[in-house]
Amino acid sequence: MGDPFDLGAGWLEEHVLVPALYWLGLMNWEDVSYGWALFALYGVAQVLLTFTVCLPLERWRPVERWPDSHAVWVDVLYTLLSRIGVLPFVTYVLFYRAQVAVSGWMADQGWVPPTLEGLFPALLGQQVLVFILYAIILDFADYWRHWLAHRFRWWWALHSLHHAQRQMTFWSDDRNHILDDLIAFVWFGVIALLIGVPPLQFPLLVLVLRFLESLSHANVRLSFGWLGERLLISPRFHRAHHGVLAAGQRSCNYGAVLPWWDMLFRTADFSREYVRTGDPSGEEALATGTWVQQQMAGLRRLVRSFGRRRVRHGT
Amino acid sequence: MRRLCLALLCVVAISGFAASARAGGIAFVVNSNGASISVIDMATKKEVRRIPSLREPHHLILSPDGKSLLVGDTAGNQIMFIDPNTGEVQKRLPVADPYQLQFSPDAKFLVVNGLARNQVDVYDAASMKLLKRFPVVATPSHLAYSPDSSTVFVSLQDSDRLAAFDLRMMTEKWTVPVGKTPAGVLWLNGRVLVADMGTDYVAVVDPADGKVVDRIVTGKGVHQLFLSPDRKVLWVNNRAGGTTVSVDPATLKVIRSYAIPGGPDDIDFAPGGKLWITRRWAESVAVLDPVTGTFETIAVGRSPHGLYLNAHAPSPVVVSSR
């Protein structure tokens, strides 16, 4: 029994992508297109899994009920664009090209990225363990990326789009400004060059990690208990980060999957119950605008952040 | 009773040894996306184990002394040395971005194409010391030598060009356009054949100046070229067309086309005339009988690429994991 994602991507490649690339005279994108096909299929699986689990949970024990959930539909669009559609293609292509250029330059300087297996040869062949260790390292890196996104005024101006949603659901995980996404790609791209992150060898584990990130945004009264919340980030824990009192440069609970870093660096707050979400300091378009209006509002806030001494944050 | 048990154990052990010692051959298949090398018992056509690589292995080549199989792991930046008789990993050598790699016919050089890093590295084959790095315009993909080892020809996939490097002077001789997205390269009868993946033809190139002197139409997305061990048949894999085509190497006329779906890529030749072909998008190897035109498949890992058949190795193999 083969890997269904790989075989599915192979089918797409053989019957759709390669014929199209050949017809368009773009066969040099063949390898990239295969990577994108895999990326998109994982995205479909992520969306289906998240939808199947989170929707019943949100119906069962919602934190809030809204008479009009129009704003959620924009988050649905963010999710589809981010995990399946155009963005993976653009970012994969851009990222691939940028990585080729940067790694080529680094090779000329004599730099070969170290790997965990190179540092600890006993890990060779322990691929699942290696992946889990890398996932922990990347989660640690994401904690600091997220913390910095709140600390720098210009970065918060972009990141505030993610926090503007007052109707937070499991769809809200991918609600980001496109420049904020780009910074995250560069951030992880540099880390990949430094520590030799393995490619997508374990799609099921990636799928579980992305699922946990989506679940943490869900509109559901769900805690993992005293111990569980100190092992994995729950919807209750992450909701505190999205609370109106936490929006801005001094927030809490920055972690994505593991709460360990918040506990270690004293930014964890386990006390808050299911708080209201949103960012009262942002303009309304960030919360309820269309995708384009939200992106433009994020840009305006970015420009303003350079002009003012301080951007006003949550009250 | 105890003696009977011991005797039975001896019989089982002896029969097991007999099974492990029978000659059948080992095939090595490189799973690029699976970061592993599948070891296949050629007699039973079953995968018996996987050797873990670091990140993304693609091509492999037998060392001139036949004692090591070199597997290039591009994203892992290393070459794995594997015993071709047992599958045991002998050593791992740090090398920047080893994609396609081949020893020169005189066994003096190992040329390694760094596809992602736009570089062609020439190593001293004996010491593995880097002698020369040629920066190139784009994506050095496949390579072939002139029979006298004086020149190596490298396809530069994203630039539609073929480059020739003089290995005696360590200089670039020429870099010229040869057709869209050139991939596989092969020296044949005083010419260089280049598989132009963005087209349906193999370009026939004059090695003196890189001029395209002829084109052989074989099918959509021509990707790789292989000459049979008896040098009587040229085999061409067409990636987009999903076909493997036999060509008369003397006349360069197509003999027959075989449907091999799933992205046919590399080929190796089994005793008896069957072709083993990796199918990049189907997690399998096709074993093609060119007489009947039928093929059977062997399941391997994700995105199988390079392969090597060692028909003289005993099978099945029992080896350590690293």
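A residue counts as buried if 20 or more other C-beta atoms lie within 10 Å of its own. By that criterion, Pro235(A), Arg236(A), Phe237(A), His238(A), Arg239(A), Ala240(A), His241(A) and His242(A) are buried in H11(A). The model described here is predicted. Chain A holds 14 helices and zero strands, whereas chain B contributes open sheets, including one of four strands in the order E20-E21-E22-E23.

**Chain A overall**

- Along the sequence, the pattern of chain A reads α-α-α-α-α-α-α-α-α-α-α-α-α-α.
- Of the 315 residues in chain A, 40% are buried.
- Contacts in chain A between residues at least 6 apart in sequence include 72% that join residues at least 24 apart.
- Helix H11 of chain A, spanning residues 235-242, is mostly covered, with eight of its eight residues buried.

**Helices H1 and H2 of chain A**

- Helix H1 (residues 4-24) and helix H2 (residues 30-60) of chain A have axes that come within 9 Å and cross at roughly 135 degrees.
- The crossing in which H1(A) passes H2(A) is right-handed.
- On the side of H1(A), the contact is made by Phe5(A), Asp6(A), Gly8(A), Ala9(A), Leu12(A), Glu13(A), Leu17(A), Val18(A) and Leu21(A).
- H2(A) supplies Glu30(A), Ser33(A), Tyr34(A), Ala37(A), Leu38(A), Leu41(A) and Tyr42(A) to this contact.
- By class, the residues of the contact of H1(A) with H2(A) comprise 11 nonpolar, two polar and three charged.

**Helices H6 and H8 of chain A**

- Helix H6 (residues 127-151) and helix H8 (residues 178-195) of chain A pack with their axes 11 Å apart, at an angle of about 140 degrees.
- H6(A) and H8(A) are therefore oblique to each other.
- H6(A) passes H8(A) in a crossing that is right-handed.
- From H6(A), Ile137(A), Leu138(A), Ala141(A) and Arg145(A) meet Ala184(A), Trp187(A), Phe188(A), Ile191(A) and Ile195(A) of H8(A).
- The residues of the contact of H6(A) with H8(A) are eight nonpolar, no polar and one charged.

**Sheet E16-E17-E18-E19 of chain B**

- Four strands of chain B form an open sheet in the order E16-E17-E18-E19, and their pairing is antiparallel.
- Strand E16 (182-188) and strand E19 (212-217) of chain B are the edge strands, each pairing on one side only.
- On average, neighbouring strands of this sheet are turned by 25 degrees against each other, direction ignored.
- Strand E17 (residues 191-196) and strand E18 (residues 201-205) of chain B run antiparallel and are joined by four bridges.
- Val192(B) has Val205(B) in E18(B) as its bridge partner.

**Sheet E20-E21-E22-E23 of chain B**

- The pairing in this open sheet of four strands of chain B is antiparallel.
- Its edge strands are strand E20 (222-227) and strand E23 (254-259) of chain B, and each pairs on one side only.
- Neighbouring strands of this sheet are turned against each other by 20 degrees on average, direction ignored.
- Strand E22 (residues 243-247) of chain B runs antiparallel to E23(B), to which five bridges join it.
- Opposite Val247(B) stands Val254(B) in E23(B).

**Contact between chains A and B**

- Chain B gives 38 residues to the contact and chain A gives 27.
- The side of chain B that touches chain A has 13 nonpolar, 14 polar and 11 charged residues.

Key. Residues numbered from 1 in each chain as written. Chains lettered and ligands numbered in written order. Predicted model: local features only at pLDDT ≥ 70, side-chain atom pairs only at ≥ 80, totals over all residues. Axes fitted to C-alpha atoms, helices over the stretch in contact; angles between N-to-C directions. Helix = DSSP H or I, 4+ residues; strand = E, 2+ residues; numbered from the N terminus. Parallel < 35°, antiparallel > 145°, perpendicular 65-115°, else oblique. Left-handed = near helix turned anticlockwise from the far one by under 90°. Contact = placed C-beta atoms within 7 Å. Nonpolar A, V, L, I, M, F, W, Y, C, P; charged D, E, K, R; others polar. Pairing = 2+ DSSP bridges. Buried ≥ 20, exposed ≤ 12 C-beta atoms within 10 Å, placed from the backbone.
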